[in-house]
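The following exercises ask the reader to work through a protein model step by step. Each task is followed by a worked solution.

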Amino acid sequence: PLVSQRSVLSPSGAVVSETRPVLNESREAHMNDLTAIDEAEATGDVAEQAGPVKAQFEVVAAITASMERDTSLAGNPFKVELGNLWNLNSKAANDFIEQIEKKFRRKNKFHSYFSGLPSNSTPLNIERYIGDDISFQQLAEAQMSVITYVANDNERGTLQGGNLVFVHYKTPGDEDDVGRLMIVMVDKKSAFEFDKTLQPIALQPIDTDALRQAAMFDLTLFSAVYPENKGSTYLHFIEGRSKSDFFKTALGCDNNIPNKESVSNVFEAIKSFSLHNKLKPALQEKLTQGVYDFLDQHIGKQVSLGDIQHIVDKQLPDGHEAVGSFSEFANDQGFQINDFFEATRASLNNGVSIKIVDFESNYSVSVKSGSLGYAGSDKPVFVDENMTYLMIPLSAADREKIRAIIGDKDDANENLS
């Protein structure tokens, strides 16, 4: 039977190879299990554990393309050189993929969909790749054709070249996971070094500024929702020092980012952040209220995830270990919050409210989280100690509406006798 080599990184950083059967020669010959090592393991602070190492993601294929201006031709158009498919048994390749995935995951991003414009072939190229109609190398070639076409636009004469890295990786052992496709553009002169076949070689710790542009496509989600674009976003962009519109245009990204999802996810991230850092409910409420007040003062204005972190930090006690960590936490935990977004009155109120519906759908009520408490607290809306009933204060107008339906209590008692 056909076999392929698999390389797994141990916590100590050693490369351990093993042989396994090839299930699909076109893909499996280039598939490699990769274990993402956390910061403590990388410094040797965690003792090496016995037994097999469980991979966090599995690399299907990777390749580099070089894009440089051809100074011998009029207009200095970009020319492309496509390297060889990466040797996924190489420790340098494994280190590169692990570090770049981690950097992408932790940086602020924009989240979006494909624009649906028929002139852009990126969605079709990805569909053909998912369907095994083209190889990974052919996908990279097709995308580089689109990228260079846009880059050679006369209005982009100052655009600089670089190396573009294509990586397809997935969750190991998940049969339904199509995976993720990452396309990263890096400077020629950076911590990223490649040999003459554009294979990665030993590199220094990655400087995030070297990530000029980066995009990640959730192929599983794309397969499920494209072209309707209903549900979660499947395109994620990092905007670096390169021209952002160039990369987005080349990859067919829709610039209409859903602001309401960013607002909602800010408050969901605060809940998770508070739980992770073991913050008491009163402090979590203070964080939520601080961010709510800030967004309320900036309705319809652009704010950044960095602004939100600044507000969170102001609510935390001086010297608290969580100061300065909110943005990285939100990104690392996968909360889809655009680097810049705008809140509306409706999205802000929805973000800090919960909707309560009984199991028979007799009632539905939306309550601001900060208004909830137990009976005896100073909260206007409260629950009993067994959390069985909800008590809500009524306005005079609401009391009259209810009285018109059920009458006064004395009238109701008379009807029962």
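The axes used below are lines fitted to C-alpha atoms, for helices over the stretch in contact, and angles run from 0 to 180 degrees between N-to-C directions. The model is predicted.

**Exercise 1. Describe the packing of helix 9 and helix 10.**

Step 1. Two packed helices are described by the angle between their axes and the distance between the axes. Helix 9 covers residues 281–296 and helix 10 covers residues 305–315; their axes come within 9 Å and cross at roughly 140°.

Step 2. On the side of helix 9, the contact is formed by Leu283, Lys286, Leu287, Gly290, Val291, Phe294 and Leu295. Helix 10 contributes Asp307, Ile308, Ile311, Val312 and Gln315. By class, the residues of this contact comprise 8 nonpolar, 2 polar and 2 charged.

Step 3. An α-helix has 3.6 residues a turn, so residues three or four places apart point the same way.

**Exercise 2. Determine which residues of helix 10 are buried and which elements cover them.**

Step 1. The buried residues are Leu305, Ile308, Gln309, Ile311, Val312, Asp313 and Gln315.

Step 2. The cover over these buried residues of helix 10 includes helix 8 (259–276), helix 9, strand 11 (302–304), helix 11 and strand 12.

**Exercise 3. Characterise the surroundings of leucine 295: is the residue buried or exposed, and what does it touch?**

Step 1. Leucine 295 belongs to helix 9. Its relative accessible area is 1%, so leucine 295 is buried.

Step 2. Beyond its neighbours within four places in sequence, leucine 295 contacts Phe267, Val303, Ile308, Phe341, Ala343 and Leu348.

**Exercise 4. Trace the link between serine 262 and glutamine 336.**

Step 1. Serine 262 is placed in helix 8, whereas glutamine 336 sits in the loop between helix 11 (326–332) and strand 12 (340–342).

Step 2. Buried means under 20% relative accessible area. Glutamine 336, at 17% relative accessibility, therefore counts as buried. Serine 262 is buried as well, with a relative accessible area of 1%.

Step 3. With residues up to four places away in sequence not counted, glutamine 336 touches His111, Thr233, His236, Glu261, Ser262 and Asn265. Under the same exclusion, serine 262 touches Gln336, Ile337, Asn338 and Phe341.

**Exercise 5. Locate methionine 144 and list its contacts.**

Step 1. Methionine 144 lies in helix 5, which spans residues 136–151. A relative accessible area of 3% makes methionine 144 buried.

Step 2. Not counting residues up to four places away in sequence, methionine 144 touches Ala65, Met67, Val80, Leu164 and Phe166.

Step 3. Alanine 250 is 106 residues apart from methionine 144 along the chain, and their C-alpha atoms are separated by 9.2 Å.

**Exercise 6. Examine the backbone at leucine 198, lysine 278 and proline 227.**

Step 1. Most residues other than glycine have a negative phi, and most peptide bonds are trans.

Step 2. Leucine 198 has a positive phi near 65°, and it is found in the loop between strand 8 (180–186) and strand 9 (211–218). With a relative accessible area of 8%, leucine 198 is buried.

Step 3. Lysine 278 also has a positive phi, about 55°, and lies in the loop between helix 8 and helix 9. Lysine 278 is exposed, at a relative accessible area of 73%.

Step 4. The peptide bond between tyrosine 226 and proline 227 is cis, with omega about 5°. Proline 227 is in the loop between helix 6 (219–225) and strand 10 (235–239).

**Exercise 7. Summarise the whole chain and its confidence.**

Step 1. The protein has 14 helices and 17 strands. Of its 417 residues, 44% count as buried.

Step 2. Among contacts with a separation of 6 or more, 65% are between residues 24 or more positions apart.

Step 3. The average pLDDT is 77, and 76% of the residues score at least 70. Over residues 1–54 pLDDT stays under 50, and the model has 116 contacts beyond four places in sequence for this stretch.

Terms used
Residues are numbered from 1 along each chain as its sequence is written. This is a predicted model: local features need pLDDT of at least 70, side-chain atom pairs count only at pLDDT 80 or more; totals for chains, interfaces and linings use all residues. Side-chain values use heavy atoms; hydrogens and water are left out. Helices (H or I, at least four residues) and strands (E, at least two) are DSSP runs, numbered from the N terminus. Contact means heavy atoms within 4.5 Å. Ala, Val, Leu, Ile, Met, Phe, Trp, Tyr, Cys and Pro count as nonpolar, Asp, Glu, Lys and Arg as charged, and the others, Gly among them, as polar. Buried means under 20% relative accessible area, exposed over 50%, partly exposed in between (1.4 Å probe, protein chains only). pLDDT is the predictor's confidence in each residue, from 0 to 100.
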